[in-house]
Amino acid sequence: MTNEDLILQTITPATHDLGGFKVHRTLPNKERTMVGPFLFFDQMGPAHLSVGEGIDVRPHPHINLATVTYLFAGAIDHRDSLGTLATIEPGAVNLMTAGSGIVHSERSPSAERAVGPELSGIQTWIALPDGEEDMAPAFEHVARGDLPVVEDACVKARVVMGALWGRRAPTTTYADTIYADIALAGGGTIPVDAEADERAVYVAEGDATLDGMRLDPMTLYLLRPGMTATLRSDSGARVMLCGGEAFATPRHVWWNFVSSSRERINEAKRAWKAGEFAKVPGDEKEWIPIPEVPKTVSYP
C-alpha cells in the first residue's frame with residue numbers, strides 16, 4: 001500500500017501568536033473545510049506563562065455550532081450566558097452547544113495564575129445537523145473519569161466523543177462523531193477504526209507513523225474511507241483521531257459564527273454589534289468587538 005492509497009489529503013496548520021502562546025489551526029482550510037462534523041481544529045500551546053499571567057478570552061458569541069474543549073495540561077474557567085461556571089482540567093471535556101446563540105469567556109483560574117499557568121490542548125468546533133442549527137443552547141461537562149479508556153502496556157486511548165474500539169463516550173453527539181486522545185508509549189500500536197465516513201489523525205506531541213508512513217506533527221491527515229491502518233510510535237506520541245458522518249450541506253464560517261446560511265451569519269453580526277446577545281453573569285464588563293477582518297473565514 002502506498003501513502004496515496006491511505007491518505008486522501010494532508011492539511012498543514014496556520015499558526016497564530018495570541019500573545020504568550022500560539023495556536024496551530026488546520027481547520028478550516030482553503031483545501032478542506034470539514035472532516036465529518038468537525039469544521040474547526042486548533043491546537044493551543046504548549047505554553048507556560050509567567051506567574052501572574054494567564055489567558056483571558058473575553059466574552060464573545062457563537063451560533064449554530066458546538067465547541068469542544070479538551071486539555072492536555074493546565075486549566076480554564078468557562079463562563080457562559082446560561083450562567084454556567086465550569087473549570088476544565090486535563091482529560092475532561094467541555095461541550096458548549098451554541099445553537100441559536102450563546103456568549104462565553106475562557107480565563108485562567110486564579111490558582112493557575114499564582115504559579116504560572118500551563119496551556120496545552122485542542123479546541124474544536126462541530127457543526128449542528130441541518131434543521132437543528134438553531135436548537136436551544138446548552139453546556140455539558142464530562143469528567144475525566146467518565147470518559148472510557150482503552151489501554152494496554154504501551155497504549156492509552158481515551159474516547160472523547162462517539163464510539164471507538166467497542167467503547168462509547170457519554171458525551172452528547174448531534175451527528176455520528178468520533179473523537180479520541182491516543183497516548184502511545186515507545187513501541188505502542190493501535191488500529192484506527194474504519195467505520196466513520198470521514199476520519200483524520202493529528203500528531204499533537206511526539207513522533208508517530210501510520211502503516212509505516214511518518215506523520216508530521218501539527219498536521220491533519222485525512223484518511224481514505226474504509227481503509228484500515230495502524231498507528232505506531234517508537235519513542236512516544238500523542239495523537240488525536242477525529243471524524244464522523246459527512247455533511248451534505250456545507251457550512252459558512254465568519255469569525256465565531258457558523259451556519260449553513262450566510263444570511264443567518266449576517267444577522268448574528270448585526271445582533272452582536274447591537275448588543276442583543278445575552279451577557280455572561282460574572283463577566284459582564286468586557287467583550288470582544290466584532291472584527292473588520294476576521295482570521296477565520298470559510299465560504300464554501
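Modeller: Two strands pair if DSSP finds at least two bridges between them. Strands are DSSP runs of E, at least two residues, and are numbered from the N terminus.

Biologist: Where do these numbers come from?

Modeller: This is a predicted model, where local features need pLDDT of at least 70, side-chain atom pairs count only at pLDDT 80 or more, and totals for chains, interfaces and linings use all residues. Residues are numbered from 1 along each chain as its sequence is written, and side-chain values use heavy atoms, without hydrogens and water.

Biologist: What's the strand order in the open sheet of 4 strands?

Modeller: The order is S5-S10-S7-S8, and the pairing is antiparallel. S5 (56-62) and S8 (85-88) are the edge strands, each pairing on one side only.

Biologist: How many bridges join S5 to S10?

Modeller: There are 5, with S10 covering residues 102-107. In that pair, Asp56 stands opposite Arg107 of S10.

Biologist: New topic. How many cavities of 30 Å³ or more does a search of the whole structure find?

Modeller: The search finds 1. A cavity is a set of points on a 1 Å grid over the protein atoms alone, where a 1.4 Å probe fits but cannot get out. Its volume is the space filled by probe spheres set on the points, which are joined across faces, edges and corners. The largest cavity has a volume of about 60 Å³.

Biologist: Which residues line the largest cavity?

Modeller: Among them are Thr67, Ile76, His78, Met96, His104, Glu106 and Phe139. Lining residues have an atom within 4 Å of a point. S6 (65-74), S7 (76-80), S9 (93-97) and S10 each supply at least two of the lining residues.

Biologist: Switching to S24. Why is S24 described as largely enclosed?

Modeller: 8 of the 8 residues of S24 (residues 237-244) are buried, so the rest of the structure largely encloses this strand. Buried means under 20% relative accessible area (1.4 Å probe, protein chains only).

Biologist: Which residues sit on each side of S24?

Modeller: Ala237, Val239, Leu241 and Gly243 are on one side, with Arg238, Met240, Cys242 and Gly244 on the other.

Biologist: And which strands are joined to S24 by bridges?

Modeller: S17 (residues 177-184) is joined to S24 by 8 bridges, running antiparallel. S19 (residues 198-206) is also joined antiparallel to S24, by 8 bridges. Thr177 stands opposite Gly244 of S24, while Glu205 has Arg238 as its bridge partner.

Biologist: Last one. What does UniProt annotate at residues 179-277?

Modeller: The unreviewed entry gives "domain: Pirin C-terminal" there. UniProt annotations may be inferred rather than shown by experiment. In the model, that stretch is 49% strand and 12% helix (H or I runs of at least four residues).

Technical notes: 1 Å grid on protein atoms, 1.4 Å probe; cavity = no way out; pocket = protein on both sides within 12 Å on 5 of 7 lines; lining within 4 Å. Buried < 20%, exposed > 50% of the residue type's maximum accessible area, 1.4 Å probe, protein only.
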